[in-house]
Amino acid sequence: MDSKLTFKKPWIMQRADPYVYKHTDGIYYFTATVPEYDRICIRCANSLSKLPEASEKEIWHKHWTGVMGHFVWAPEIHYLFGKWYIYFAAGEAEPDRIWEIRPYVLECQGKDPMNDPWIEKGKLVCHPEDEFSFRAFSLDATVFEVNNEWYIIWAEKVSVGKQISNLYIGRLKNAYTLDTVQVLLTTPDYDWERHNFWVNEGPAVLQRDGKIFVTFSASDTSSAYCMGMLTADSRSDLLDPKSWDKSRYPVFKTSAENKIYGPGHNSFTVDDEGNDILVFHAREYEDIGQGDPLNNPDRHAMLLPVTWENGIPVFRC
């Protein structure tokens, strides 16, 4: 394990929804939600331990009117189909439409995501036969490859007398277009997913030894925020909900002893030695006071080593 890394403590301050991508050339890229919710920034370094001190560069700013004008959330940087892409969510600029959250895509016009220009590809495009995808509150898109096929998982709210945030999966035709209709992957079934709000969101993918693990975040963004997990065999039909098993209990939750409150919205990477690392955000205190928790900036990016027991990832705090 890399001795230069600090675990279970703030790693990069005031950066929620952290995402780390290690490219084939060994360069690490980091992006996250900024407290102002108004821009997308990236930084890079040749070591995971150097990312906190790396210079951050803004590569896109919110619109002043219309779509992509408010609540710029949870960017992720990926390299697929031979290009760099950033997935993110944003609302509309008009005050009465700020909650019109949808998933959007940026595409880099060169091989250097730090210095080459980025263009907007617009909202993710659903399959022509799909009547539902991305037509409601949708966010937290992540992508992954299995058996030379690219898949996308995202959170989307439905209303059945109550607002419920589910996770859905689909296969990609290209980086910004679905090749299938959406498939319901998980809905908040258990009490730990229903604290104040019924929420499944923030999916992240970890693969090992023919197994696919999808972690996700549940409940509101208080200290009740926690991580659940789904598991599937990589040879199974990933668009069949029966291929996935859901853990009965959260796999990572608040640890008052370690001053980690509300851990969630994670990603996965490896350290310089190839060890699996959980990248997540959390607060160092429980009481965030009065008012909207969205106004609290103190969700910090943190790290935790992933251990493996009987082929299952364990997030031991």
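β1 and strand β21 (residues 300-305) pair in the antiparallel sense over two bridges, where strands are DSSP runs (E, at least two residues; helices are H or I, at least four), numbered from the N terminus, and two strands pair if DSSP finds at least two bridges between them. The model is a predicted one, in which local features need pLDDT of at least 70 and side-chain atom pairs count only at pLDDT 80 or more, while totals for chains, interfaces and linings use all residues. Residues are numbered from 1 along each chain as its sequence is written, and side-chain values use heavy atoms, with hydrogens and water left out.

- Strands of a sheet pair through backbone hydrogen bonds, either parallel or antiparallel.

**β10 and β11**

- Strand β10 (residues 138-146) pairs with strand β11 (residues 149-159) in the antiparallel sense over seven bridges.
- Valine 143 has isoleucine 152 in β11 as its bridge partner.
- β10 is mostly covered, with eight of its nine residues buried; buried means under 20% relative accessible area, exposed over 50%, and partly exposed in between (1.4 Å probe, protein chains only).
- The hairpin of β10 and β11 has two residues between the strands, and asparagine 147 there takes a positive phi near 50 degrees.

**Positive phi**

- Most residues other than glycine have a negative phi.
- Aspartate 140, in strand β10, has a positive phi near 65 degrees.
- Aspartate 140 counts as buried, at 6% relative accessibility.
- Aspartate 209 has a positive phi of about 50 degrees and is found in the loop between β15 (198-208) and β16 (211-218).
- In contrast to aspartate 140, which is buried, aspartate 209 counts as exposed at 73% relative accessibility.

**Salt bridges**

- The count comes to 16 salt bridges, a salt bridge being a side-chain nitrogen of Lys or Arg within 4 Å of a carboxyl oxygen of Asp or Glu.
- Aspartate 209 forms one with arginine 208, with the closest N and O atoms 3.7 Å apart; arginine 208 is partly exposed, at a relative accessible area of 35%.
- Arginine 235 and aspartate 233 form another, their closest N and O atoms being 3.0 Å apart; arginine 235 counts as exposed at 72% relative accessibility.
- Between arginine 316 and glutamate 309 the N to O distance is 2.6 Å.
- Both ends of that pair are partly exposed, with relative accessible areas of 48% for arginine 316 and 38% for glutamate 309.
- A network of salt bridges links Arg15, Arg43 and Glu56.

**Nonpolar cores**

- The largest nonpolar core has 31 residues, of which Trp73, Phe144, Ile153, Ile169, Ile212, Leu238 and Trp244 touch the most other members; a nonpolar core is a set of buried Ala, Val, Leu, Ile, Met, Phe, Trp, Tyr and Cys residues joined through side-chain atoms within 4.5 Å.
- The elements that give two or more residues to this core are β6 (70-80), β10, β11, β12 (163-174), β14 (183-186), β16 and β17 (226-233).
- β16 gives the most to this core, with four residues.
- Leaving aside neighbours within four places in sequence, tryptophan 244 is in contact with Ile169, Leu185, Ile212, Val214, Leu230, Thr231, Ala232 and Leu238, contact meaning heavy atoms within 4.5 Å.

**Cysteines**

- The structure holds zero disulfides, a disulfide being a pair of cysteine sulfur atoms within 2.5 Å.
- Cysteine 226 is in no disulfide, and the nearest cysteine sulfur, that of cysteine 317, is 13 Å away.
- Cysteine 226 counts as buried at 2% relative accessibility, and cysteine 126 counts as buried at 15%.
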